[in-house]
Amino acid sequence: MTNRGNFSGRIGFILAAAGSAVGLGNIWRFPYLAGENGGAIFLLVYLGCILLLCYPVMVGEISIGRAANSDAYGSYSKLGGKKWGYLGLFGIIAGIMILSFYNVVAGWAFGYFLHISFGDLLNEQDFGGFFGSFVNDILNVSSVHGLASSNLIFSLVFMMLTAVIVTRGIQKGIEASNRIMMPTLYIILIGIILYSLSLPNAFSGVRFYLIPDFSELKIQTVVDGLKQAFFSLSLGMGGLITYGSYLSKKENITSSAMVISAADTSVAFFAGLMVFPLVHFLAFKLHIDPTEIGTSGPPLIFVVLPQIFHEMGPVLGRIIGGSFFLLVCFAALTSTISLLEVPVAYLVDQKKYNRKHVVWVMALIIFICGIPSMMSQGMVAALNNLTFYKGQDFLTFISDMSDICLTIGGCLMSIFISRRWGIKNMDTELAQGNDRYMTSGVRKYLHVTINWIAPILLGSLSIVIILEKFFGIENLI
Ligand code: PHE
């Protein structure tokens with residue numbers, strides 16, 4: 001290995017890549033998508049997408065990175081020529097776009113963590129109103145227990161935390177922080193699940209979540225499942241190329257990718273198992289039907305859950321609520337560091353800049369890019385109501401654009417492997433660290449997926465999303 005840095009071994013790599021995958025997407029987006037799309041049936045579709053498509057794409061990405069031992073741009077251009085380098089740049093830009101809005105939502109979670117831990121949020125009566133004013137005026141300096149706070153500061157602090165970890169490098173920064181945050185995250189998650197299952201009416205939530213309703217199976221369910229699986233596994237933007245480039249040749253990529261996919265899926269699954277019993281408990285307490293509780297979009301974790309923590313009383317509410325938002329912050333942080341590492345690796349590898357300087361400069365630039373998303377939640381009417389985007393807000397716009405970039409990136413990556421780099425070269429890479437690979441069934445399955453299924457499915461999915469988002473052709477599917 002060169003002095004670019006590397007993971008200490010298999011566990012370090014798996015924890016870091018799983019950390020990148022496990023994020024806001026699992027804890028916040030997965031449960032409400034599952035709720036909207038028929039619960040268990042969504043889970044089945046999601047699992048299908050992971051097996052059929054996402055796992056092979058993940059293996060492909062990691063092998064590109066490890067074979068080239070370079071950042072996203074460097075890897076594509078080394079293995080496929082300068083023109084393919086643009087695909088790497090496209091991924092780097094997609095990563096910057098994602099981090100810009102992701103850090104805003106992470107900042108909200110960080111703010112909520114403080115507001116709940118200090119207890120002031122739990123005295124609220126109107127949680128919807130609180131959230132509305134919290135995200136609305138980003139400069140509004142409210143006070144968390146005497147601590148001046150505003151959304152702008154929360155996001156800035158979150159970005160600084162991310163930067164501090166990334167400056168410390170691969171082993172001492174990214175790997176070391178994931179070694180602490182990932183196990184803690186699992187422990188908190190399991191703890192809250194156990195507690196939520198003990199609440200009245202919890203099992204009605206479990207039933208809703210786990211009993212499939214096949215009448216809900218629509219093409220939209222598949223499109224949502226695929227988009228979500230792709231985002232959740234951090235595919236299509238070169239993040240895993242970058243992490244793969246720090247992986248030793250001794251390690252087995254196919255089995256590591258399996259563990260990473262399983263870890264990510266299990267957190268998404270557990271998040272649902274945590275949220276639905278809580279929602280049904282709230283319905284029970286308020287004597288209303290669970291369907292009356294709006295569980296879609298950001299309100300799920302920022303409005304509904306705080307109301308539930310409030311119902312738990314001042315002490316338990318603080319403990320469970322504080323732990324929950326700590327969990328969300330950890331999940332977000334392990335993802336933001338992987339997002340920041342992608343442009344940083346590019347600038348360090350290609351332009352030979354000093355790592356520390358690049359980290360701080362990139363963090364600042366991306367933080368500034370996030371300000372329009374921050375101001376789009378009510379503060380600036382024009383950003384809140386984009387005329388060219390069906391009156392939706394800027395944050396939603398950027399998040400939708402990222403989905404499109406990821407699927408296009410994944411589609412082109414599979415084309416790159418099958419038509420440019422050569423699937424045989426991928427095989428050679430995968431055989432390192434896995435003696436049985438050449439004769440295994442996994443190899444055949446990866447060939448079929450990467451040669452045919454991934455380009456066709458991801459290409460069509462990208463077109464469907466573009467038509468749906470820009471031309472409003474909802475009835476298309
Ligand atoms: N996978 C992360 C999540 O689920 C988001 C992410 C996407 C992180 C792409 C890195 C790259 O929240």
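Predicted model: local features only at pLDDT ≥ 70, side-chain atom pairs only at ≥ 80, totals over all residues.
Met160 sits in helix H7. It also belongs to a nonpolar patch on the surface, together with Leu156, Val164 and Trp360. Together the four residues have about 330 Å² of accessible area. Helix H7 covers residues 151-167, and it brings three residues to the patch, the largest share.

Now to the empty space. Rolling a probe the size of a water molecule over the atoms shows where such space is left. I will start with the largest pocket. It holds about 670 Å³ of space. Its lining counts 30 residues. Closest to the centre are Arg29, Tyr32, Thr396, Ser399 and Asp400.

Which helix gives the most to this lining? That is H2, with seven residues. H2 spans 24-36. Other helices that supply at least two residues each include H5 (82-117), H10 (219-232), H17 (394-421) and H19 (441-471). By class, the pocket lining has 11 nonpolar, nine polar and 10 charged residues.

Next, the cavities. How many of 30 Å³ or more does the structure hold? Two. The largest cavity has a volume of about 150 Å³. It is lined by 16 residues, and those closest to its centre are Ser20, Ile98, Phe231, Ser234 and Leu339.

Helix H14, residues 314-351, is among the elements that supply at least two residues here. The others are H1 (10-21), H2, H5 and H10. H14 gives the most, with three residues. The lining of the largest cavity has eight nonpolar and eight polar residues, and no charged ones. The lining of the largest pocket, as I said, has 10 charged residues.

The second largest cavity has a volume of about 70 Å³. Thirteen residues line it, with Tyr76, Leu87, Gly236, Met237 and Gly238 closest to the centre. Helix H4 (72-80), H5 and H17 each give two or more residues to this lining. H5 gives the most, with four.

On to a few single residues. Leu51 is in helix H3, which covers residues 40-68. Leu51 counts as exposed, because its relative accessibility is 57% and the cut-off is over 50%. Where does the chain bring Leu51 and Met258? They are 207 residues apart in sequence, and 9.4 Å apart in space, C-alpha to C-alpha.

Last, backbone angles. Most residues other than glycine have a negative phi. Two residues here have a positive one.

Take Asn69. Its phi is positive, about 55°, although Asn69 is not a glycine. Asn69 lies in the loop between H3 and H4. With 22% relative accessibility, Asn69 counts as partly exposed.

Then His287. Its phi is also positive, near 55°, and His287 is a residue other than glycine. His287 is found in the loop between helix H12 (253-286) and helix H13 (299-311). Is His287 buried or exposed? His287 is exposed, because its relative accessible area is 73%, and exposed means over 50%.

How values were computed:
Residues numbered from 1 in each chain as written. Heavy atoms only, no water. Patch = residues over 30% accessible without salt bridge, like charges linked within 9 Å, V, L, I, M, F, W, Y side chains within 5 Å. Areas by Shrake-Rupley, 256 points an atom, 1.4 Å probe, with all protein chains shown as cover. Salt bridge = Lys/Arg side-chain N within 4 Å of Asp/Glu carboxyl O. 1 Å grid on protein atoms, 1.4 Å probe; cavity = no way out; pocket = protein on both sides within 12 Å on 5 of 7 lines; lining within 4 Å. Points joined across faces, edges and corners; volume = space filled by probe spheres on them. Nonpolar A, V, L, I, M, F, W, Y, C, P; charged D, E, K, R; others polar. Buried < 20%, exposed > 50% of the residue type's maximum accessible area, 1.4 Å probe, protein only.
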